[in-house]
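Here is a short report for a reader meeting this protein for the first time. Please look over the sequence and the model before reading on.

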Amino acid sequence: EQRNQMLTIIYDEYYDELPEEEKIAIDAFQSKIDAFQTKSTQYGKSILDDYFEQVIRKTMFDVNDLLIIHLYLIHLDSEPENIIENQYFLEMVNRLHDQMEVMNLNELFVLRDVMMTSVGILGKIEAYDLMPSLFNALDKIMVLTQDFQKKPILNLLKWKYELYVNKDQVAAYQYYEDAVKFAQLIGNDYLVRRIKEDWEEEEHL
């Protein structure tokens, strides 16, 4: 709610005066939120049509590029039948790890969110070999930024990788325990409950 109010203020009071590059960033950010909340690929379609092809040709991405890429990933995740056939996805994921070297500390949050969404999509298409490098990069980002809000979810993704790919119940359980501990550490009782429920469902499979 607070984020939506902030975006409304920006649109109403500042948007027309902003440089084109900043307008694209705001539009991509707002469209990403709308597409995620509604599960509709109509939001942000014009941005992807206008800019995605030129973004994906770059060897290195800036923050605006990553916002557009994240919008593309949310669209892709909403249409799973298109993921395997999409030529850009795996190429882009292979280049994400190197982005850490060229981004400022305060920009790594955007890269983190792109990586997290990518891991989820990789799981859907069973492209598991690309996951470990993203896990390592995400751990580094969290240490560098000292922001561990997404650590419980990262550990959840790791436990599923260990359970379903490596068939390692012991390692999976360790990541489950770590996920619970970090969720408790950040004071998110709802997340603690959901993680425990998820693990219980895994045990009964």
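At what angle do the axes of helix α5 and helix α6 cross, and within what distance do they come? The model is a predicted one. In this model, the axes of α5 (residues 87–96) and α6 (residues 108–124) cross at roughly 135° and come within 11 Å. The crossing of α5 past α6 is left-handed. On the α5 side, the contact is made by Phe89, Leu90, Met92, Val93 and Leu96. On the α6 side, Leu111, Val114, Met115, Ser118, Ile121 and Leu122 take part. Sorted by class, the contact of α5 with α6 holds ten nonpolar residues, one polar residue and no charged residues.

**The overall fold**

Now step back to the whole chain. The protein has ten helices and zero strands. Along the sequence, the pattern reads α-α-α-α-α-α-α-α-α-α. The protein has 205 residues, and 43% of them count as buried. Take the contacts in the protein with a separation of 6 or more: residues 24 or more positions apart account for 58% of them.

**Helix α4 and its partners**

Two packed helices are described by the angle between their axes and the distance between the axes. Helix α4 (residues 63–78) packs with α5 at an angle of about 135°, and their axes are 12 Å apart. That makes α4 oblique to α5. The crossing of α4 and α5 is left-handed. From α4, the contact draws on Leu66, Ile69, Tyr72, Leu73 and Leu76. From α5, Tyr88, Phe89, Met92 and Leu96 join in. The contact of α4 with α5 divides into nine nonpolar residues, no polar ones and no charged ones.

How do α4 and α6 lie to each other, and at what angle do their axes cross? The axes of α4 and α6 cross at roughly 25° and come within 10 Å. An angle under 35 degrees counts as roughly parallel, and α4 and α6 are therefore roughly parallel to each other. Here too the handedness can be stated: α4 passes α6 in a left-handed crossing. Val63, Leu66, Leu67, Ile69, His70, Leu73 and Asp77 are the residues of α4 in this meeting. They face Val110, Leu111, Asp113, Val114, Thr117, Ser118, Ile121 and Lys124 of α6. By class, the contact of α4 with α6 has nine nonpolar, three polar and three charged residues.

| Helix pair | Axis angle | Axis distance |
|---|---|---|
| α5 and α6 | roughly 135° | within 11 Å |
| α4 and α5 | about 135° | 12 Å |
| α4 and α6 | roughly 25° | within 10 Å |

**Lys151 in helix α8**

Is Lys151 buried or exposed? Lys151 lies in helix α8 (residues 151–164). Its relative accessibility is 12%. Buried means under 20%, so Lys151 counts as buried. The side chains of Lys151 and Asp139 are joined by a polar contact of 2.6 Å. Leaving out residues up to four places away in sequence, Lys151 touches Asp139, Met142, Lys158 and Phe182.

Most residues other than glycine have a negative phi. Which value does Glu126 take? Although Glu126 is not a glycine, its phi is positive, at about 60°. Glu126 is found in the loop between α6 and α7 (131–145). With a relative accessible area of 56%, Glu126 is exposed.

Lys167 also has a positive phi, near 55°, and is a residue other than glycine. Lys167 lies in the loop between α8 and α9 (169–185). Its relative accessible area is 64%. Exposed means over 50%, so Lys167 is exposed.

**Gln54 in helix α3**

Gln54 has its place in helix α3 (residues 45–56). At 44% relative accessibility, Gln54 counts as partly exposed. Gln54 and Asp65 are eleven residues apart along the chain, and their C-alpha atoms are separated by 9.4 Å.

Conventions: Residues numbered from 1 in each chain as written. Predicted model: local features only at pLDDT ≥ 70, side-chain atom pairs only at ≥ 80, totals over all residues. Heavy atoms only, no water. Axes fitted to C-alpha atoms, helices over the stretch in contact; angles between N-to-C directions. Helix = DSSP H or I, 4+ residues; strand = E, 2+ residues; numbered from the N terminus. Left-handed = near helix turned anticlockwise from the far one by under 90°. Contact = heavy atoms within 4.5 Å. Nonpolar A, V, L, I, M, F, W, Y, C, P; charged D, E, K, R; others polar. Buried < 20%, exposed > 50% of the residue type's maximum accessible area, 1.4 Å probe, protein only. Polar contact = N/O pair within 3.5 Å; in protein donor to acceptor, adjacent residues only side chain to side chain. Parallel < 35°, antiparallel > 145°, perpendicular 65-115°, else oblique.
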